[in-house]
Amino acid sequence: MIRLWIASLQLAELFVSSVVHLIYGFYIFSSAVAGDLSQALNEMFFKPNVNIEVKEEVPNARAVNVDNLPPIVLVHGIFGFGKGRLGGLSYFAGAEKKDERVLVPDLGSLTSIYDRARELFYYLKGGQVDYGEEHSKACGHSQFGRVYEQGHYPEWDEDHPIHFVGHSAGAQVVRLLQQMLADKAFKGFENTNENWVLSITSLSGAFNGTTRTYLDGMQPEDGRSMKPICLLQLCRLGVIIYDWFDIPWLKAYYNFGFDHFNVTWKKAGIWGLVDCLLGNAGPFASGDWILPDLTIQGSIRLNSHLRTFPNTYYFSYATKRTRKIFGVTVPSGILGIHPMLFIRVLQMSQWRHPSDVSPPYKGYRDEEWQDNDGALNTISMTHPRLPIEHPNRFVANDSDCQPMEPGIWYYKIVEGDHILFIVNRERAGVQFDLIYDSIFERCRKHVFRKSPPTLPNYNQQ
C-alpha cells in the first residue's frame, strides 16, 4: 500500500512538472512569434514614407577602437539559443547591447558539451564544423556539420584572444573549448593554444554536475542511463519526433542541434524513427547529449581532462535560492523563485543520494549539495572542484579581487534562481544591470595581458 501511494505521488509530480515545463516552453515560443509578427505588421503598415539623406561618414577613433576590442562571447546553456533563433528574443535578455562588441553564438541546445565546444570553435574561426572522426564513429553521427562561410572572429589567435561568458552548461562548453585549444584538437589549426582565451566568466556554471539530473530521470547508479518513466523520457520522445518531422521553418526558428545525427524522415525513414523511439539509435542511445554531461559522474569524467590555465582570468557567479532554518535547507521564499523551478528547488534542498547506490565520489555528503537555484547545486557553481579542486578565492566585493590574478577562480554567491539573469530582464531588476555591468567592465578594464585596450564606452581610471 505504501509503495502504491509513493508511486502515485511520483506520477502526480511527473505530470505537474511536465505541464509546467510545457507551458513555459510554449510561452517562450509564442512570445517570440508574437514579437516578430508585431514587428512585421508595424513595418508593413506604419513604415515612414520619408527620404533619408545618406551622408558619407569619416571613420572616427571610436569605430577604430571598437574594432580593436576583443569580442565578448556569450554562450547559452541547456535549451538555450543564440542570435538568430526565436526571432528577436534574446536568451541573455538584451545584455549583449551593453557593450560595443558582443557575439551570441547559436549552439545545439541539447547536444553534448563536446559537440557544442566544436561548434563554438568553427562559429568563431569559420569553416565546416568537424566533430572529429573518432568521436563521430563512436557516437553514430556525421563527422561534419554546419558550414560557416565566414567566421564571426576569423582573426582569433593568441594575439587576438577572446573573453567568454557562459551561462549554466555554457561555462563547461567554454572550459572544454579552451582545453581543446591547448591540445591542438582542431585539424588544420595546429597553432592553437590555451592563450586564445583571455577570460572566462561563469553565470550559474555547471562545473561539477547537479543532483537535479537524477530527479529528472538520470540513473544515479551510472549517470548515463535514464529511468523508464521520467521527465527526461518525455523530453526524449518530444525531441525525436520534432527532429524527425524536420519542418524547415520550425527548425529555423528553434533547433535542438541534432542535425548531424540524420534522424529526419527523409534520411531515417519510418524504421529510423522506430529505432530512435526504442532507444536503439540517435543521440539518446549513444549518450552524446547534454544530460549525461551534467550528472555528477559525467562532470567528473569531463573535469578529469580539463585544466585551469595560468594566463587566463576566471570569475564565477554562483546562484542560490535556499536558506537554512534550524539546520534544515528550505526554499528562500516563493515569490522570488520562477514557477518552473520551485518544485525542483524544494526537491533538491531535500536531496538524499540512494543508500543502496555507491556515492559519486569519495567524501560525498548530501548536506553539501542541498543549497541550489532550482537547476544546479550552489556547490557545483563556484569553481571546478571534482575530481580535484582548482585554485579559487571567495569574493565578497568586486574590489577585493582587483587587480585580478590569472589562473584563479574568483567566485561570489548571488541570491537568485537559475534563470534570473536570462530571458526575462524584469525579474532580475536592478541586479541584472549590476551583474552584467560588472562583467563587461571587468573584461574591458581589469583583464588584459599586454596593455589595457583603448575603450570607446568606459572611462579609464
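Tutor: Helices (H or I, at least four residues) and strands (E, at least two) are DSSP runs, numbered from the N terminus. By that count the protein has 16 helices and eleven strands. This is a predicted model, in which local features need pLDDT of at least 70 and side-chain atom pairs count only at pLDDT 80 or more, while totals for chains, interfaces and linings use all residues. Residues are numbered from 1 along each chain as its sequence is written, and side-chain values use heavy atoms, with hydrogens and water left out.

The C-alpha trace of the protein spans about 80 × 55 × 50 Å along its principal axes. Of its 461 residues, 53% count as buried; buried means under 20% relative accessible area, exposed over 50%, and partly exposed in between, using a 1.4 Å probe and protein chains only. Taking the contacts (heavy atoms within 4.5 Å) with a separation of 6 or more, 70% come from residues 24 or more positions apart.

Now to the part you asked about. A salt bridge is a side-chain nitrogen of Lys or Arg within 4 Å of a carboxyl oxygen of Asp or Glu. The rule gives a count of 17 salt bridges. Three of these pairs, including K98 with D437, can be followed one by one.

In the pair of K98 and D437, the distance from N to O is 2.9 Å. This pair links distant parts of the chain: K98 sits in the loop between β1 (72-75) and β2 (102-103), D437 sits in helix α16 (residues 430-446), and 339 residues separate the two. With a relative accessible area of 21%, K98 is partly exposed. D437, at 36%, also counts as partly exposed.

The loop that holds K98 also contains A93, as the loop between β1 and β2 is the place of both. A93 has a positive phi of about 55° although it is not a glycine. A relative accessibility of 11% puts A93 among the buried residues.

The next pair is K251 and D246, with N and O 3.1 Å apart. K251 counts as buried because its relative accessibility is 6%, whereas D246, at 23%, is partly exposed. D246 belongs to the loop between α7 (231-245) and α8 (248-253). Its backbone also deserves a look, since most residues other than glycine have a negative phi, and most peptide bonds are trans. D246 has a positive phi, near 50°.

R427 is partly exposed, with 28% relative accessibility, while D417 counts as buried because its value is 0%.

Salt bridges can also share partners. K98, R425, D433 and D437 are joined in that way into one network.

For contrast, turn to the nonpolar side chains. A nonpolar core is a set of buried Ala, Val, Leu, Ile, Met, Phe, Trp, Tyr and Cys residues joined through side-chain atoms within 4.5 Å. The largest nonpolar core has 113 residues, and L120, L124, W156, F164, L177, W289 and Y436 have the most contacts inside it. Helix α5 (residues 169-182) gives the most to this core, with nine residues. Leaving out residues up to four places away in sequence, L120 touches V73, V75, P105, L107, F164, V173, V174 and L177.

P384 is placed in the loop between α14 (378-381) and β10 (392-394). P384 is buried, with a relative accessible area of 0%. Apart from its neighbours within four places in sequence, P384 is in contact with R175, F207, N208, E389, H390 and W409. The loop between α14 and β10 also contains P387, and the peptide bond from L386 to P387 is cis, with omega near 5°.
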